[in-house]
Amino acid sequence: MNEARGEGLYLVLISIHGLIRGGHLELGRDPDTGGQVQYAVELTRALAADPAVDRVDLLTRQVCDARVHPDYAVPQEEIAEGAYIIRLPCGPRRYLRKELLWPHLDAFVDNALQHARRVGRTPDIIHSHYADSGYVGARLSQLMGIPLIHTGHSLGRVKQERLLASGMAENVIESQYNISQRIEAEEIALGNASLVVASTNQEIEEQYSQYENYHPKRMVVIPPGVDLSRFRPPRRSDPLPDYAAEIHRFLRYPRKPMILALSRADERKNIATLVRAFGENQQLHDLANLVIIAGNREDIDTLEKGSKEVLQALLLMIDRYDLYGRIAYPKHHKSTDVPELYRMAARVRGVFVNPALTEPFGLTLIEAAASGLPLVATEDGGPIDIIRHCNNGLLIDPLDADALGAALLNALADRERWRRWSKSGLSGVRRYYSWTAHVKRYLRELQRVKRRYHKPVIRSHKSRLPAVDRILVADIDNTLIGDREGLDLLLHRLREAEGRIGFGIATGRHLNSALKVMKEWNIPKPDLLITSVGSELHYGTGLVEDMGWQRHIDYLWKPEALREALDSLPGLKLQARINQRKFKISYNVNPDKMPVLQEIRAHLRRLDLHARLIYSHQAYLDVLPVRASKGMAVRYLAMRWGVPPECLLVAGDSGNDEEMLSGNTLGVVVGNYSPELEPLRGRPRIYFAKAGFARGIVEGMDHYGFLEAGSLFPKLHSGAGAGSLQTG
Ligand code: GLC
Ligand code: MG
């Protein structure tokens with residue numbers, strides 16, 4: 001794989017769902033493959049084209065599924081010089097809609113770390129797109145010690161509100177869209193992001209403001225660019241596009257000015273009011289043709305309910321107003337026809353109209369303006385900005401059909417002004433909405449973020465591996481200890497493996513208490529010792545403390561403020577002094593009296609306080625820095641040592657073990673586990689042992705064949721991951 005070792009920036013973009021490839025995007029094929037996919041691909045190319053940038057990787061999900069094109073299974077695709085789409089496994093191989101990806105995101109995190117190691121360089125920044133990637137980006141930024149930029153694209157709280165208003169029941173919304181998981185991921189992304197990139201001011205003020213982690217100081221408006229090589233005004237020398245025939249067969253006088261509308265067949269796009277405006281205005285439908293491009297269809301009857309109703313209403317209205325010969329509504333178009341359509345409209349001095357009920361952004365308006373078309377659009381977020389910047393049209397009230405008709409007529413009437421609008425749109429787009437302009441602004445912001453952010457603390461050490469090719473990491477209480485004979489059996493099996501297997505411990509106890517109990521139980525000194533619920537890390541027999549880890553987790557850690565914010569809550573009582581550590585505040589809790597975790601989290605966020613809350617045994621609440629936990633410590637180690645997570649077997653029994661159990665590591669839950677781990681059941685790579693305590697660990701090791709000689713995962717030795725795994 002290409003090395004990126006120059007002086008320039010190495011940027012990692014993440015956009016997980018949908019179908020992503022370098023060309024022939026299947027936009028609109030399904031709800032997950034739309035504007036965001038296009039945005040991410042174009043941003044990747046545009047960034048890589050800048051001389052300050054060495055390499056850009058766009059990470060997405062690898063899909064191996066006969067129902068989609070084999071392109072989406074290719075692990076790496078170079079889409080321009082220094083620009084790559086990297087496809088990483090994430091859950092099952094088949095294509096999944098985005099609402100189903102949540103349980104697999106931890107695996108994506110681990111695969112992304114492996115990718116960083118293969119490139120051999122820690123990225124300078126991570127930029128996540130949408131909630132799912134936001135969660136992944138936040139985790140990666142914590143693990144690698146690099147800043148996160150986030151773009152929401154659309155927001156769960158806004159959607160939830162809209163669905164509730166439409167009368168959908170809360171539990172239906174939940175089961176269909178997994179909305180609370182999405183919102184939680186968005187909160188995590190917003191809490192961790194050093195910068196949020198929005199497309200409009202309205203998005204910040206009306207949408208992001210609904211979040212607990214609303215920090216407008218960290219938000220900027222940089223509208224997406226438009227591909228000016230695709231969208232350009234018509235030239236005299238352009239031949240008539242093939243698609244013209246498709247439109248012309250509807251129209252009696254195809255040379256009349258064209259009113260062009262382009263959107264999905266969705267009620268919110270308000271096509272009905274447009275047709276009414278056209279149909280009821282005699283002057284308008286004498287002067288111009290109306291062309292409605294509303295998605296693709298084979299048979300209206302087989303469309304989903306919403307689109308079906310929109311199109312049926314359209315056909316009825318055409319008949320009612322007798323618009324035959326004056327309106328075109330083709331069944332099909334390809335994405336390559338779209339630029340041609342705008343140009344066809346511009347050639348006959350037409351106008352582009354977007355009458356959507358609300359329009360947070362409106363990329364089509366920019367594409368139309370880039371093709372030289374004046375605009376008539378809903379007076380809402382996106383259009384307001386666009387028409388202000390481009391000064392090329394009129395804003396309308398989407399509910400007022402008469403006014404819409406009048407505005408369209410007005411826009412077409414004055415030839416001189418039409419030319420001015422057309423020209424002014426072209427220069428406005430170049431100035432405000434080109435990718436070059438976007439990237440310039442973006443890189444300026446990025447440098448600011450980097451300056452503010454401390455230096456990465458992890459370097460990719462490929463050579464610091466001890467002579468082991470796999471590691472057992474076990475919790476102490478109720479996992480290693482509890483059954484003396486089981487423990488002896490485990491230690492015996494480990495000794496038999498003769499040093500091929502590393503041994504690690506991850507405990508909630510502080511160092512001295514861990515050492516004491518280990519002595520009582522005759523547990524040998526481990527190769528690594530994670531204590532205080534992951535907030536302290538020690539290596540080898542010398543118990544050398546990892547200061548890099550301390551620096552790494554210090555991020556956003558404000559223990560005094562946290563204690564002050566938490567001490568007043570009911571049901572929480574501070575644990576003994578010795579359990580309070582530099583990076584850990586621990587409470588004994590009364591589960592009946594304490595507020596639910598989500599409320600505690602919201603309470604902290606409102607104060608702009610950030611912490612990881614870990615609840616165990618219905619008795620303990622640990623408050624840690626956002627970057628600390630047993631799971632995070634284990635992954636940090638895996639990365640530092642270059643041991644793939646698949647070669648780590650982790651064993652635990654309770655809530656503070658949960659995170660290290662999920663993801664790509666081989667998880668073992670011992671038989672005597674505590675109920676908060678129940679949700680892990682059925683997840684891939686989590687084995688629930690029948691036996692309790694250390695016997696459960698042995699059972700789990702046998703289940704995975706962990707002690708067998710030879711390579712545990714042969715493919716890691718031959719394929720792309722080979723560089724990271726050495727058995728020297
Ligand atoms: C250990 C620690 C305690 C912590 C608990 C749960 O018992 O001593 O401080 O709250 O584990 O993680
Ligand atoms: Mg335990």
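Predicted model: local features only at pLDDT ≥ 70, side-chain atom pairs only at ≥ 80, totals over all residues.
Reader: Which polar side-chain atom lies 2.6 Å from an oxygen atom of ligand 1?

Author: One belonging to glutamine 575. A polar contact here is a pair of N or O atoms within 3.5 Å. Lysine 584 also brings a polar side-chain atom, 2.8 Å from an oxygen atom of the ligand, and a side-chain N or O atom of asparagine 656 is 2.7 Å from a ligand oxygen. Together, the protein covers 86% of the 310 Å² of accessible area that ligand 1 has on its own (Shrake-Rupley method, 1.4 Å probe).

Reader: Which domains does the shell around ligand 1 draw on?

Author: At least three residues come from each of domain 3 (470-555 + 627-725) and domain 4 (564-624); the bounds are from an automatic or database domain assignment.

Reader: And how do I read a sheet?

Author: Strands of a sheet pair through backbone hydrogen bonds, either parallel or antiparallel. In this model, an open sheet of six strands runs β11-β10-β9-β12-β13-β14, with parallel pairing. Strands are DSSP runs of E, at least two residues, numbered from the N terminus, and two of them pair if DSSP finds at least two bridges.

Reader: Which strands are at the edges?

Author: β11 (327-328) and β14 (393-396), each pairing on one side only.

Notes
Residues numbered from 1 in each chain as written. Chains lettered and ligands numbered in written order. Heavy atoms only, no water. Polar contact = N/O pair within 3.5 Å; in protein donor to acceptor, adjacent residues only side chain to side chain. Helix = DSSP H or I, 4+ residues; strand = E, 2+ residues; numbered from the N terminus.
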